Amino acid sequence: MIRQWFKSGTPWIWLNAGAVSIALVAVFGLLFLIMVRGMSHFWPADVHAFHFANAEQSMTVIAEEIESETLPANTVPNIQQTEGDVTRYLVKTGNRDILGSDFKWIYDTDLQSRDLPEDIMVLERIEWGNFYGYLTAVYENGEPVESSQTLWSEFEQRLQRVSEIREQLLHLEKSEIGSINYQLERLRLEQKRLELDNELTDSALQEIEQQRQALDSEYQALLKQTSELYRQINRDSIRARVMDGSEVTIAMERSSRHGSPIR
Amino acid sequence: MYAASADGVLLHYRIDQQGIELAPREIPFEQPISQMQLLLGGNSLLVGLENGEVQQWMLVRTDTSEELTYIRNFHEALVSVENIETEQRRKGFAVADRQGGVTLYYSTSQRTLAHINTATARIYEMAWSARAEHLLAVDENEQLYFYHVDNEFPEVSWDVLWGKVWYEGYDEPDYIWQSSASTNEFEPKYSLVPLSFGTLKAAFYAMLFAIPVAILGAMFTAQFMAPKMRQTVKPSIEIMEALPTVILGFLAGLWLAPYVEAHLAGVFALLLLLPFAFILFAAMWMLVPNKSVFEGWEAALLIPVVLLMIWLATNISSPLEQLFFDGDMRKYMSNEWGLTYDQRNSLVVGLIMGFAVIPTIFSIAEDALFSVPQHLIRGSLALGASRWQTMMRVVIPAASPALFSAVMMGFGRAVGETMIVLMATGNTPLMDMSIFQGMRTLAANIAVEVPEAEVASTHYRILFLAALILFLFTFIFNTLAEVIRHRLRKRYSGL
């Protein structure tokens, strides 16, 4: 029967159909791959706590998992285990200012457990990349803040305030002071033009000088405003505990926004 | 240290930290030696003989030590060599003979560039200007000769481009492409053979993957697929053509190459098992009742099979390597079979570039197969032939001219493809048919080197020559395709 089936050519037709399936899987698989790889940047990843322990010490790594692979132990360098399989994870630990690098490989050889910590904070900062840790206190002008609200909402409120002030500062520096600078430059060119045309009379010069002084006093007022805003933006800071237990101070002015896995 | 004795014996003394070796190697010559000179870089020794011949000798590594070896000779002048003067920046040199003749040679290309004889007496001293544009010579009558030398591209000859050349520092003559290096004493190596070879190799592996998928796929789509499914399948496969090849190259280099490296056994298992999986599924499908509803939708039914097999191959890869290859297929291959594994290799290029040429072949082949006159197919079926017999005996012969040109178009596309090979091959100009080694193609070579090449230099011009050769390749394939297509069409025109 099998022979007859082969003689009828049906299996070859199916083989042809298989070629179409391969091509279709290739096309849509590729589009899917590009999409998944590209889009994943728009969703924040879960932050895991990996708990390690062996005879001598225990350790916790708080990080986002980027990828994992399982390999035969004898092909993996830097580990003691030589039998069976080892799974290694590429994790993003952030905290480049503390740890020296953002990413590291961890192996499941001493891994005891992993969980999703509830109160972890992911902070996107203006410098040094992401910060991962636990919020412990909010400070104003170096003094701990006593407040009726929870620590977290206090922090969020202040972060909101900081970002508002930052926007004001940006507006003052870019638009207002920028426009004064532009006008000053126009005045300088005007003076130069008159000078080249030999039309720079004393009265014209006086007029230009007058305008310049007016702009200057405007600028001084704005400068006062910005320095006040700078004082305000710099007063808030937080203390946070990182994964090895030590505490660090982070100026809120240096953090742009906090990440999501906070509940 | 080299010394020559009056009876034509070259003495080769070794000098190292321990001092001078007193027993020299002796190399006898048939003619008395009249001059010796080191070529630029100090790797080659030029030996001038009484009969006017100049021989180039080099230290070549043997199993135990280095042996002074004869490389090539230059024999344009016929009277005794009196003076050899090497150029300051290239591997060229001028030879003066007893009768006042001056001959210009170039060592790498073994070319005699010019022979002039304006002096009447023996020339005993010569000097080159820095760029080798001027040559100064003085003869026995204290007469000074000033030659203006117009000699721009001496390093190219037919043999340099297409033949094996024994370069300085190599054990044997070989085809080498290495156009530049960090030192001035460097000998440029301009063999186009490895590049042409790489181009054909990349195209070959791409076609190995693309032809079965595209042609078989086109056969099914045109003749067996349900019209409703065909409406979506054909544009879907053709959309692959719209994907910029730089994206494919990027994925090949950064995603597929590491994946294939990590799942090598799985990838081969997948390539081998897929056809069997299809036929097995077809056999099992016979047991399904009421299957005629799905006729024409076989390709859709097989998609889960493909996905399952890919998943399976990924997961059995590591156990397979444990079972047959001591846990690491790459190490096993290099130890047992002497095959070295390069992460950016022909397999990766074949898969991704095959992917890039599938739509070209598929589209033309499908159109041709679909437009085979219906009266032929119906006639064949009415006479009792099965659907498969009709396909093989009637449809394919009738469409064969177009199928052939589809394949040739795909080949032309693969030959000219740049970005995929540039990003996924490692760009190593090797002459090696191994599927686990990279290559450098003409197109990728032009892309890599044109921004670096000095304008109007030899290198720059050779890159343009490479472009011409690339054009010739595609031209030859397209012409061949066209000629054969015409023949076939004439044969089947009666249908």
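Glu228(A) is partly exposed, with a relative accessible area of 34% (buried means under 20%, exposed over 50%, partly exposed in between, with a 1.4 Å probe and protein chains only). This is a predicted model, in which local features need pLDDT of at least 70 and side-chain atom pairs count only at pLDDT 80 or more, while totals for chains, interfaces and linings use all residues. Residues are numbered from 1 along each chain as its sequence is written, chains are lettered from A and ligands numbered from 1 in the order in which they are written, and side-chain values use heavy atoms, with hydrogens and water left out.

Stay with Glu228(A). Its salt-bridge partner is Arg231(A), with the closest N and O atoms 3.2 Å apart (a salt bridge is a side-chain nitrogen of Lys or Arg within 4 Å of a carboxyl oxygen of Asp or Glu). Both residues sit in helix H5 (residues 202–234) of chain A, three residues apart, so about one helical turn separates them. Helices (H or I, at least four residues) and strands (E, at least two) are DSSP runs, numbered from the N terminus. Arg231(A) is partly exposed, at 47% relative accessible area. Chain A also holds a network of salt bridges that links Glu140(A), Glu154(A), Arg158(A), Arg161(A) and Asp236(A).

Now take chain A as a whole. It has five helices and eleven strands. Its radius of gyration is 31 Å, well over the 18 Å that the globule rule gives for 263 residues, so chain A is more spread out than a compact globule. The radius is taken over C-alpha atoms, and the rule is 2.2 Å times the number of residues to the power 0.38. The C-alpha trace spans about 115 × 60 × 40 Å along its principal axes. Buried residues make up 35% of the chain.

Chain B has 495 residues, of which 50% are buried. Its secondary structure comes to 13 helices and 18 strands.

Two salt bridges in chain B link distant parts of the chain. Arg25(B) in strand E5 and Glu67(B) in strand E9 are 42 residues apart, and their closest N and O atoms are 3.9 Å apart. Arg25(B) is partly exposed at 30%, and Glu67(B) is partly exposed at 29%. Glu366(B) pairs with Lys234(B) at 3.6 Å. Here helix H8 is joined to helix H3, across 132 residues. Glu366(B) is buried at 0% relative accessibility, and Lys234(B) is buried at 12%.

Asn83(B) lies in strand E10 (residues 81–86) of chain B. It is buried, at 7% relative accessible area. A polar atom of its side chain lies 3.1 Å from the backbone oxygen of Tyr124(B).

How do the two chains meet? The contact (heavy atoms within 4.5 Å) takes 30 residues from chain A and 45 residues from chain B. The buried area, which is the accessible area (1.4 Å probe) that two parts lose on being put together, summed over both, is about 3,300 Å². Carbon and sulfur atoms give 84% of that area. In chain A, Ile13(A), Trp14(A) and Asn16(A) lose the most area to chain B, together 21% of what that side buries.

Definitions and conventions. A polar contact is a pair of N or O atoms within 3.5 Å; within protein, one must be able to donate a hydrogen and the other to accept it, and residues adjacent in sequence count only if both atoms are side-chain atoms.
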